[in-house]
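This report concerns the protein shown below. Please consult the sequence and the structure together while reading.

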Amino acid sequence: MEKAYDPVKAAVRRFKTDYENEIEVFHFENETEFSEWYKHNSLSHATWIQQTRNYSKKVVPPGAILNPQDLKYTDFKRCDHHGKKPASPPAPVLQNEENCVVKRRKTKSIKVGCKANLKIKCFNDDSFEVTYNWRHSNHTPENIAKLSGSRLPEAAKQWIQEHVDKHNNWEGIKNFLRLDENQLNEIGNHGTFKEIPVAMLINYQDVQNAILAKLNAAARKHKSDGKRVVLWLEYLKENGYETMRDIPDNTDAPFVLSWYSPWHKKYLEAAEDWFLDSTHKTCVSFIDKRDCYLMTIVVHNPITSKDLPVAFFITSVKCSPTIERFLSWLKNNNNLKLKRIMTDCSATEQRAIISSFGSTIQIFLCHWHLQKAWEDHIKKISFEGDSADKKAARKLLRARLYKILYSEKEDGF
Ligand SMILES: [Zn+2]
């Protein structure tokens, strides 16, 4: 069995190239000879990226004997520093292709327009001819200290991928990258080292990129945001969730999206108290990228004694009709035991609750939001006297209002 790849044992070597001619041509009898040369020369000079493999287009009649001197294929490899630095990351193009993953990677570009390349011709008799344009422009590939900017060897990338697929994160992967003391000493003793363990080249960003790519592939059901939302809601529905979706053709009209799981439903139905929690600017519209509202029904979980979000609602416009749509949908689809709804000081929410549930449900206003609303008003009132008088008047007003807020009996209120 082939031994598993180990980035601690594997090393990247770098030697300075020095050939006589600007472009060198080499010949090899067979693939083994070529591979040996490639491993100990080109691969020790720089990191190469396979660009193309072109197979010979020469038509051979069936049954004819192949001419051993004829070309089988040509490989073309470039230095990983080739190409121009992109001015800014190109915007993803929206097309109707399904399930196309848009890569969002954070990597500094290493492109400096290097012209070094390898043209590898393979012939029918398994011999090779390599045209090596070995001069690098605008960078020094033998500078091993700068290797961290280079691309990782394919085997190392594969190794990271295997660990990410096993749900290992950076903390876990880091443990596999520890060099032993001998290795560290050896590196420390050579001021100008020519060899570096691959483990030293793998960094947080490499692992992060692999994890992001994996999450992206799993989360992106379609490259268009609008279609993705629809596909996700369909997916949830297939998995037993209750979903509501109203996306009008008129992009100015408010859209509403809502969902909860079968597991949430139990808590939603059993609760006598709901907390209506509304947040703004937590998400943007998939239609026009404007800020949206996320509304959550939170209930008290008697088992964990903690608050539990049980139903979710997203809308582009927070107005009584959209909230009412959400609340009525919950009311009509569930066997509710609901008695009270606590909300912040929003009149819009209160109107929506009354339209959906009538007077059967008590509305409680959140103390924090009430105090905040009062405080806003107190600040606007102009009291008479000097600043000390004003301060005292405000303090008295606050004290009286809070007495009302915390009165336990109706008489006290
Ligand atoms: Zn180069």
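The sections below treat confidence, domains, the metal site and selected backbone features.

## Model and confidence

The structure is a predicted model. Its mean pLDDT is 84, and 90% of the residues reach 70 or more. Over residues 93–104, by contrast, pLDDT stays under 50. For that segment the model has 22 contacts beyond four places in sequence.

## Domain organisation

The domain assignment divides the protein into domain 1 (11–86 + 99–219), domain 2 (225–365) and domain 3 (372–405). Between the C-alpha centres of domain 2 and domain 3 the separation is 36 Å.

## Zinc site

Four side chains coordinate the zinc ion through Cys79 (SG), Cys114 (SG), His136 (ND1) and His139 (NE2), at 2.0 to 2.2 Å. The arrangement is tetrahedral because the 4 donor atoms subtend angles of 105 to 116° around the ion. Along the chain, the donors follow the spacing C-x34-C-x21-H-x2-H.

Cys79 and His139 link distant parts of the chain, 60 residues apart. Cys79 belongs to strand 4 (residues 71–79), whereas His139 lies in the loop between strand 6 (128–133) and helix 3 (154–165). Both Cys79 and His139 are buried.

## Positive phi values

Asn138 is placed in the loop between strand 6 and helix 3. Its phi is near 65°, a positive value in a residue other than glycine. Asn138 is exposed, since its relative accessible area of 60% lies above the 50% cut-off.

Ser305, in the loop between strand 11 (291–301) and strand 12 (306–315), also has a positive phi, near 60°.

Conventions: Residues numbered from 1 in each chain as written. Predicted model: local features only at pLDDT ≥ 70, side-chain atom pairs only at ≥ 80, totals over all residues. Heavy atoms only, no water. pLDDT = per-residue confidence, 0-100. Contact = heavy atoms within 4.5 Å. Donors = N, O, S within 2.8 Å, 3.2 Å for Na, K, Ca; no water. Tetrahedral: all angles 85-135°; square planar, octahedral: opposite > 155°, others 65-115°. Helix = DSSP H or I, 4+ residues; strand = E, 2+ residues; numbered from the N terminus. Buried < 20%, exposed > 50% of the residue type's maximum accessible area, 1.4 Å probe, protein only. Domains from an automatic or database assignment.
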